[in-house]
Amino acid sequence: MARNPHDLDHTIVHHIDEKARELEIILNSDVVSYFGQVSPQYFRLFRNFIEEVHSKDPKPVISVVLRTPGGSAETAERMVNVLRQHYQTVQFVVPDLAMSAGTILCMSGDSIFMDYSSALGPIDPQVMAPDGSGYVAAMGYLDKVSEITKKPSLSPADVVFLRSMDLAKLALYEQAKDLSIDLLKKWLVQYKFKNWTTHRTHNPGAPVTMQEKELRATEIATALSDHNRWHSHGRMLDLAKLRSLGLENDDYSENNQLRGAIRGYNDLLAAYTDRMGLTFIMHSHKAETLI
């Protein structure tokens, strides 16, 4: 007898809920997944979803399982405001990748959980293209304009490109870049570095000053925004590359229990999302799945 496809979906969602509960117990936190672009069109859905999850037997900690190609830095800031309104501690779990504005979002976490196959990326917020055709990486346009204006002479193609650029939009792109850097500097000091109290390598045991935290945050933000260093908007920055920048994350590569729980939940939800052809989904066993 053929099985009703709706019954199959119900069964899969039931298993995803169970995997979320398992991860919630291990992390001792609420668990929410966010798969999709960090986009203004999803903000109200995100806000309402977090409020619903928090209203049901809330914990002081939330763990956000994040899978995103990036998006808007302004939207990332608004999302952080929502999370911090309802939770004392915010953790991000990145089993696959969180690029661009997803990386910006992660930098607001008290902890960032990754394993050897996880990746963040250079910070490059998405902005509306000059022709209004959709969202593009701001740094791509800024880098191209910088490259052209440094040439001793311009080709006809260069002239056409520069004439097509709206100076007001270029200013907005610069502002988006500056906002991304400022957010990283603020959030790293306020959250990620809050428990960094003593040095472990240079001058071990010595207290870490606020100035040292701010300097480290500035160095990390500057490095992540330097596209001449990474050569690609989509460059994958793994734990080793992030560590070389002075950013220590929670590596669960050798924690079999935690790795199994994270992958069990993430991989099943990702497979379901891909099979359904979904570009956006939010999930928690405490609330109705948003698609």
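Buried means under 20% relative accessible area, exposed over 50%, and partly exposed in between (1.4 Å probe, protein chains only). The model is predicted: local features need pLDDT of at least 70, side-chain atom pairs count only at pLDDT 80 or more, and totals for chains, interfaces and linings use all residues. Residues are numbered from 1 along each chain as its sequence is written, and side-chain values use heavy atoms, with hydrogens and water left out.

**Exercise 1.** State how many salt bridges the rule gives.

Solution. A salt bridge is a side-chain nitrogen of Lys or Arg within 4 Å of a carboxyl oxygen of Asp or Glu. Applying this rule gives eleven salt bridges.

**Exercise 2.** Describe the pair Arg21 and Glu18.

Solution. Step one: the closest N and O atoms of this salt bridge are 2.9 Å apart. Step two: both residues lie in helix α1 (residues 5–27), three residues apart, so about one helical turn separates them. Helices here are DSSP runs (H or I, at least four residues), and strands are runs of E (at least two), numbered from the N terminus. Step three: Arg21 is partly exposed at 32% relative accessibility, and Glu18 is partly exposed at 32%.
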